[in-house]
Amino acid sequence: MSEPSNPTFPNSAEGDRDLYLRILDLGLQNELEPFLREALELVMRSVGAHQGYIEITRSFEDPATPRAWVAHDLSDSEVDAVRGLISRGIIAEALATGETVVTVSALTDERFEGRSSVRLAEIHAVVCAPIGGPEPIGIVYLQRRRMPGPFSVGDRARVQRFARHVAPYADRLLSRVQLENQT
């Protein structure tokens, strides 16, 4: 994925409007993987994240369910570490509570500091939000800021809005993939 020329959206009503308009454009996608790639680039740009991961699935409890994921600027071992957080840690907390998880540094956060995946990947600033309603169909996980410092309250709100608005599109595309796999 190429680096955007404008790394973040402005923190203003105009920036929020631009984000929302681009989310609406995502709804025009008819293929799951390009949708996920564009969605991840959009949310990363909107909050100035350096690394990101997005996954869509029907059920996080059932490993046999269809799933699709895309990562940006994460090595294979870092993707494995992030995916390991689905069953425990940051992503597991977001999925279990249905709430967005934000931490200044997972390495020093008592909720996550004991996790080997957090230590191995040296995970600092993180924002992780479930995608979808009471039973999430996915997660968006962002780490490392392009600028110094943690993700802000405004960043958290943007990621939450993003996750809420892309959920119906992701669900539609995942249903399409499941139908194609059945035929």
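**Charged pairs, a greasy patch and a helix end**

At 46% relative accessibility, Arg 17 counts as partly exposed, because that value falls between the 20% and 50% cut-offs. Keep in mind that you're looking at a predicted model. Now find the partner of Arg 17: its side chain meets that of Asp 18 in a salt bridge, 2.9 Å from N to O. Why would two such side chains team up? Side chains of opposite charge can pair when their charged atoms come close.

Glu 33 pairs with Arg 37, with the closest N and O atoms 2.6 Å apart. Both sit in helix H2, four residues apart, which is about one turn of the helix. Glu 33 is partly exposed at 47%, and Arg 37 is partly exposed too, at 35%.

Next comes Glu 31, whose side chain meets that of Arg 176 in a salt bridge (3.5 Å, N to O). This pair links distant parts of the chain: Glu 31 is in the loop between H1 and H2, while Arg 176 is in helix H6, 145 residues apart. Glu 31, Arg 176 and Glu 180 are linked in a network of salt bridges.

Tyr 20, Leu 21 and Leu 24 make a nonpolar surface patch of about 260 Å². Leu 21 belongs to helix H1, residues 13–26, and is partly exposed at 41%.

Finally, look at helix H4, residues 90–97, where the buried residues are Ile 90, Ile 91, Ala 92, Ala 94 and Leu 95. Just after H4, Gly 98 takes a positive phi of about 75 degrees.

Methods:
Residues are numbered from 1 along each chain as its sequence is written. This is a predicted model: local features need pLDDT of at least 70, side-chain atom pairs count only at pLDDT 80 or more; totals for chains, interfaces and linings use all residues. Side-chain values use heavy atoms; hydrogens and water are left out. Buried means under 20% relative accessible area, exposed over 50%, partly exposed in between (1.4 Å probe, protein chains only). Helices (H or I, at least four residues) and strands (E, at least two) are DSSP runs, numbered from the N terminus. Patches are made of residues with over 30% relative accessible area and no salt bridge: like charges are joined within 9 Å, nonpolar side chains (Val, Leu, Ile, Met, Phe, Trp, Tyr) within 5 Å. Accessible areas come from the Shrake-Rupley method with a 1.4 Å probe; for residues, only the protein chains shown count as cover. A salt bridge is a side-chain nitrogen of Lys or Arg within 4 Å of a carboxyl oxygen of Asp or Glu.
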